[in-house]
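Subject: Structure for you to look at

Hello,

Here is the structure I promised. Please open it first, then read my notes below.

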Amino acid sequence: MSKLQQTPFYERHHRLGAEMVDFGGWDMPLNYKKGIVYEHLATRRKAGLFDVSHMGRFVIRGKNALSFLQHVLTNNAAALEPGESQYTIIANQQGGAIDDAYLYRFFSDQYLLVVNAANRQADWDHFNSELAAFDAVELTDETFNLAMLSLQGPNAKEILEKLIAKKELPEPKRNDLSIAAFDGVQVLIGRTGYTGEPLCFELFSQKEAALSIWDKLVEAGAVPAGLGARDTLRLEAGLPLYGHELGPDPADETGVHIPIFASGLAKFAASFSPLKGNFIGRAALLKQFGAYQKIVARNFEAMADLPRMIMPVAISGKGLARQGHRIWHQNRLVGHVTSGTMVPCWQYDGVGIDSVLSDTKSRRAICLALIDSHLYPGDALEIEIRKKRVSGVVVPYHLRSEAPPAARPIAWDQIRANRTMPASAPPETKIERLLSETIANSHWRRFECINLIPSEQTPSPMAKLLSVMDPAGRYAEHKPVAAFGEAEVFYYQGTEFIAQVEALLQAEISKFLGCRQAEVRPTSGQLANTAVFSALVDFRNRADRKNEQGRIASVMNHHIIKGGHLSAQPMGALRDFVARNPQTEKPALVNFPVLVENPYQIDVTACGELIERFKPELIIFGKSMTLHKEPVAAIAAMVAQQKLDCVIMYDMAHVLGLAGPYFQEPFAEGADIVTASTHKTFFGTQRGIIAADMDEESPDFELWQAVMRRSFPGSVSNHHLGTLIGLLMAAYEMNHFKKAYQKNVLANAKTLAKALKECGLDVAGDASLNFTETHQVIVEVGYAKGPAVAKRLEQNNIIVNYQATPHEEGFTAAGALRLGVAEMTRFGMGPTDFKALAQLMADVILKDMDVKAEIKALRKKFDEIQYCFSGSEFDELINKLHHLI
Amino acid sequence: MKDISEMNFPENLRYSKDHEWTVMEGDTVKIGISDYAQAKLGDIVFVELPEVGDRFSKSDEFGTVESVKAVSSLYMPLGGEIVAVNDALEDTPEAINESCYDKGWIITVKPNDAAELNGLMTSADYLKQLKED
């Protein structure tokens with residue numbers, strides 16, 4: 001009998017009294033003393049620590065390493081930059097899996113491939129036989145030189161930060177890697193894992209340091225967990241396991257492999273990019289992919305190429321489904337269970353982002369099944385468990401990972417959380433209620449709250465009143481007609497007044513920004529961006545309208561994690577206008593690099609190389625979470641020096657109201673186009689604008705003409721005429737009062753930031769600048785604590801928003817609050833008042849005190865809006881307007 | 001798994017070779033699984049019980065006890081009619097791990113032939129058998 005292999009942690013497993021088991025030839029812990037259920041629950045609640053050193057680790061180096069990997073793996077290895085990793089599959093020619101694996105690129109000159117322990121020998125033999133056709137490839141088996149640990153769960157980051165400096169950890173994004181040091185030894189860290197936990201880390205180190213890392217992690221609170229829990233966790237996460245969802249189908253005696261595309265992860269693991277070229281299994285996989293695409297569209301003509309797929313199935317009856325159990329649907333045999341058992345879970349109290357972990361446990365019988373491809377979530381099944389038929393149902397998932405810090409189990413009857421429709425009421429009650437509640441809300445917000453949401457403002461009474469007057473609700477579509485010497489032609493009658501208002505507004509915006517062109521029809525900032533992106537696509541294709549219109553080939557922007565506008569992300573307005581990068585097979589974006597010591601600021605020096613490499617056609621400045629001026633001039637100089645054909649856009653949504661000598665003058669600094677919301681630091685109403693300073697005789701002016709066309713008819717038809725009048729009033733106010741307003745906003749932001757810091761809060765940003773150069777202040781309150789703190793502040797009538805910083809994975813784990821001083825500055829608050837406010841905020845945040853009365857008293861002093869025209873000479877006209885409503 | 005020396009096998013019970021325990025209660029027999037069995041299984045997550053009124057012979061399979069990783073059949077240590085089942089095990093199957101001789105009891109049987117109990121092992125004999133295996 002051959003001896004079992006031992007990992008570097010073998011002694012630790014024994015010391016902890018682990019139940020040991022032979023796994024792929026390795027002596028591994030199945031579970032420790034408290035058992036599988038305990039370890040599963042500990043991982044979901046705290047953090048589980050798994051010895052995964054039994055897995056195979058191959059290193060591939062050499063001039064042709066990439067070509068070799070492109071040949072034997074299904075993923076596009078050329079898309080991996082150093083610092084990135086990817087799930088992949090080692091395919092056979094028939095489109096089945098020899099193994100699934102993870103490819104890591106820690107270093108630029110080598111790749112690390114992690115494979116399943118049980119298949120290490122088979123993978124090695126396969127690779128060596130394929131290597132015969134390659135030269136200049138070095139393949140080594142580092143399994144016995146490198147130890148590997150997996151740390152997974154909501155406390156994983158906090159625990160790991162006790163050993164490794166925060167800045168040496170990978171970015172909070174799945175698949176990101178970093179190289180860290182621990183006790184002088186190199187530790188490779190990946191944000192990867194096999195549990196579905198969003199806070200996931202896998203660590204590689206030399207054996208010698210391994211035990212020390214294990215001990216420190218356990219000391220810091222990590223709970224050792226064995227292979228038993230590893231399996232229940234991955235099952236709950238819906239992740240495939242070789243021998244169950246991948247590889248030879250145990251239910252099929254002919255040894256046929258389960259098609260790779262039966263697994264939902266295949267579409268991420270397989271690449272058919274022409275840049276990848278041919279690879280083992282490509283033809284078979286392409287056929288499967290074709291069938292898969294049809295099946296997703298509910299077209300089953302190609303089902304023979306992908307007859308069954310892996311789907312999560314929940315048991316709704318009494319029983320426990322396990323691998324091999326047959327599955328029936330409407331009395332037809334449709335497949336079998338590939339993995340199944342009973343998994344434990346924690347219950348959550350409450351709904352949505354406020355939901356919290358309780359101490360109550362429960363359990364549920366779940367499984368993954370290989371069943372007919374036409375089945376769909378909601379379909380009722382019967383699982384044959386030892387001659388009894390037990391009811392089950394196809395579900396879309398058992399667990400969700402998109403709300404860090406923890407993975408969330410989703411029971412089959414909780415896929416859509418209960419939504420109670422508001423109770424019906426008789427009309428009089430409804431009307432009266434709507435009116436009274438609007439009054440109550442307005443009163444609360446206007447006279448009792450301190451409003452600090454940076455993207456919000458209150459328009460002046462005049463601006464508000466004008467917004468509801470005729471021609472609000474009417475139309476004034478117009479465009480310039482070349483046949484009339486580019487005169488604006490309005491399609492409807494009754495538009496003389498609004499035509500005049502719009503022209504006056506254009507002039508005021510041009511005056512405000514010091515530019516020649518202003519487009520005022522977009523009804524929001526995001527629509528203004530949509531119009532510009534659409535105009536850029538229109539402009540770049542102006543010579544050829546017959547073929548498929550090519551999208552913008554390369555864009556440089558701020559990543560949303562770093563505070564970039566939603567609008568400028570693939571999930572926002574940019575989505576349908578940016579091309580795919582054929583190399584990465586993702587939207588062709590490159591993010592602004594940021595300074596290590598200040599992730600809120602662009603690293604200008606590092607931009608040069610990125611601009612040269614990616615040659616952006618569009619650079620988008622401007623952020624939603626913004627503490628600094630944008631380096632427009634410096635980047636514009638790089639673009640000019642490299643002679644790039646690039647449009648520099650500044651989305652000034654947040655900072656339009658600050659444009660000027662005290663902040664930034666975008667066109668003077670080199671911006672080609674400015675877009676903005678008109679209702680954040682600018683005085684409102686809620687609309688969008690686009691501006692440019694182009695020479696009408698220049699060929700580039702055609703871009704402006706495209707902007708106008710893509711504004712109307714491109715993105716608006718009716719352009720909300722009421723708020724257009726209101727905006728003209730706001731623009732008059734802005735141009736008249738901006739000097740004092742801008743100076744006060746910027747001074748108040750610094751005062752508030754400094755005061756909050758002195759009250760003991762963690763204020764983000766550069767202390768030497770008093771933390772901010774804008775209207776915003778960012779207060780860090782602790783990982784994932786943002787939502788709860790923001791709620792407490794609201795209960796005290798202080799309105800802020802919870803904000804994810806560059807350190808968090810997403811908004812559900814928001815660790816900060818975002819504040820803005822513009823609105824309260826408009827109501828007349830000054831430095832002394834903001835200092836008093838800072839203390840009250842600290843009292844709530846740090847001492848959980850109730851300061852509602854004090855906040856109401858503070859607001860009472862500032863209930864009259866400033867920086868607007870309010871003399872008694874306007875009273876009669878205002879009265880007339882009121883009567884006209 | 002804990003060492004056999006740390007396990008508990010009450011002397012007033014009789015044990016089957018399939019690791020069940022039995023105890024006479026009036027004219028019925030209460031049945032469960034031993035400390036060894038629950039330790040070997042690990043966390044018990046599901047129990048399949050027979051219905052009250054079902055009749056079985058000795059050595060018949062009357063139910064199952066399932067852990068995360070395995071299904072374990074339960075065999076009648078003697079023949080008879082099921083007169084009670086521990087319904088609480090539906091919600092808290094872990095009661096078998098926590099209290100296999102008390103709260104973790106599984107069924108109560110009206111024996112066909114009480115003499116069948118004599119074939120079962122004493123605590124000492126059961127322990128001896130475990131050590132030999």
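In this predicted model, 11 residues of chain A are in contact with eight residues of chain B. Contact means that the C-beta atoms of two residues, placed from the backbone, lie within 7 Å. On the chain A side, α2 (36-45), α7 (227-236) and β18 (332-349) each give two or more residues. That side has four nonpolar, five polar and two charged residues. Here Ala, Val, Leu, Ile, Met, Phe, Trp, Tyr, Cys and Pro count as nonpolar, Asp, Glu, Lys and Arg as charged, and the others, Gly among them, as polar.

A note on conventions: residues are numbered from 1 along each chain as its sequence is written, and chains are lettered from A and ligands numbered from 1 in the order in which they are written. As this is a predicted model, local features need pLDDT of at least 70, side-chain atom pairs count only at pLDDT 80 or more, and totals for chains, interfaces and linings use all residues.

Now chain A as a whole. Its secondary structure comes to 23 helices and 40 strands. These are DSSP runs, numbered from the N terminus: helices are H or I with at least four residues, strands E with at least two. The C-alpha atoms fill a box of roughly 100 × 65 × 65 Å along the principal axes. Of the 885 residues in chain A, 48% are buried, with 20 or more other C-beta atoms within 10 Å of their own C-beta, placed from the backbone. Among chain A contacts with a separation of 6 or more, 69% join residues 24 or more positions apart.

Best wishes

Terms used
Buried ≥ 20, exposed ≤ 12 C-beta atoms within 10 Å, placed from the backbone.
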